[in-house]
Amino acid sequence: MAETRPETGPGPDPETDLVLPCRDEAAALRELLPRVPSSLSVIVVDNGSTDGTADIARALGARVVSESRPGYGAAVHAGLLAATAPYVVVMDGDGSFDPEAALPLVDAIRRDEADLALGCRRPVTPGAQPWHARVGNRLVLRALRRRTGLRVRDIAPLRAARREALLELGVEDRRSGYPVELLDRAARAGWRVHEIDVDYHLRTAGTRSKVSGSVRGSLRAAYDFWRVLA
């Protein structure tokens with residue numbers, strides 16, 4: 001299958017691309033994109049939205065990639081292929097993170113203190129991380145620790161690394177198992193993994209998580225996680 005490329009022009013050329021995998025996140029992008037630091041060039045990956053996500057992203061100056069294959073991993077991979085900067089940050093586009101939180105992670109990579117920098121979620125508003133999502137997170141990380149010895153506290157939907165290194169790692173999952181396979185492969189490759197605590201907020205009103213927004217979504221994600229670790 002041909003690589004997905006940006007629909008819009010290249011825009012600014014900083015050293016870091018911020019990849020936002022999105023599906024129906026128009027409401028969040030209206031608030032999030034104006035707050036992105038100027039040192040980050042934004043790539044919004046529209047993963048089958050029906051709410052005008054791509055139009056909002058373009059209007060606010062982001063590069064837009066369309067990925068028709070459903071799945072978080074498919075969206076992230078499309079964003080990595082579209083990126084051109086040497087460093088890349090992947091962050092959920094639902095408004096749960098302050099984009100400023102990405103900067104310390106990028107700094108850790110640029111200073112060569114880590115090969116993979118993870119934002120460890122620290123909920124600061126009630127309900128930001130539902131109980132079933134917290135339990136699933138702990139169980140998967142416990143299994144990952146037994147499998148690889150990697151000791152991390154979060155699956156981390158906010159993370160930074162060098163773009164080429166991420167692509168060379170060869171993560172294959174295109175669904176919810178992508179971040180778990182990434183951690184598994186990074187540990188096996190001997191990567192230095194560094195965690196930084198980041199504030200975690202409620203999603204922007206009018207959006208809904210495809211994973212933690214329901215018990216069913218969490219169970220589906222858990223299946224993807226275990227499939228990767230099997």
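Reader: How much accessible surface does the protein have, and what percentage of that surface belongs to carbon and sulfur atoms?

Author: This is a predicted model, and in it the accessible surface of the protein comes to about 10400 Å², with 51% of that area belonging to carbon and sulfur atoms. Of the 230 residues, 54% count as buried, and the chain is arranged into 8 helices and 7 strands.

Reader: What does the pLDDT say about the protein overall, and where does the score stay under 50?

Author: pLDDT is the predictor's confidence in each residue, on a scale from 0 to 100. Here the average is 89, and 87% of the residues score at least 70, but over residues 1-12 the value stays under 50, although the model does have 25 contacts beyond four places in sequence for that stretch.

Reader: Which side of helix H5 is buried, and how should I read that from a list of residues?

Author: Helix H5 runs over residues 131-148, and its 18 residues reach 26 Å from the first C-alpha to the last, close to the 26 Å expected. Its buried residues are His-132, Ala-133, Asn-137, Val-140, Leu-141, Ala-143 and Leu-144; because they cover an arc of only 160 degrees around the axis, they lie on the same side of H5. Trp-131 and Arg-146, on the other side of H5, are exposed, and just after the helix Gly-149 takes a positive phi of about 85 degrees.

Reader: Which side chain makes a polar contact with that of Ser-41?

Author: The partner is the side chain of Arg-63, at 3.1 Å. Ser-41 has its place in strand E2 and is buried, with a relative accessible area of 3%, while its C-alpha atom is separated by 7.5 Å from that of Ala-62, 21 residues apart along the chain.

How values were computed
Residues are numbered from 1 along each chain as its sequence is written. This is a predicted model: local features need pLDDT of at least 70, side-chain atom pairs count only at pLDDT 80 or more; totals for chains, interfaces and linings use all residues. Side-chain values use heavy atoms; hydrogens and water are left out. Helices (H or I, at least four residues) and strands (E, at least two) are DSSP runs, numbered from the N terminus. The expected span of a helix is 1.5 Å times one less than its number of residues. Buried means under 20% relative accessible area, exposed over 50%, partly exposed in between (1.4 Å probe, protein chains only). The arc is that of the directions from the helix axis to the C-beta atoms. Accessible areas come from the Shrake-Rupley method with a 1.4 Å probe; for residues, only the protein chains shown count as cover. Contact means heavy atoms within 4.5 Å. A polar contact is a pair of N or O atoms within 3.5 Å; within protein, one must be able to donate a hydrogen and the other to accept it, and residues adjacent in sequence count only if both atoms are side-chain atoms.
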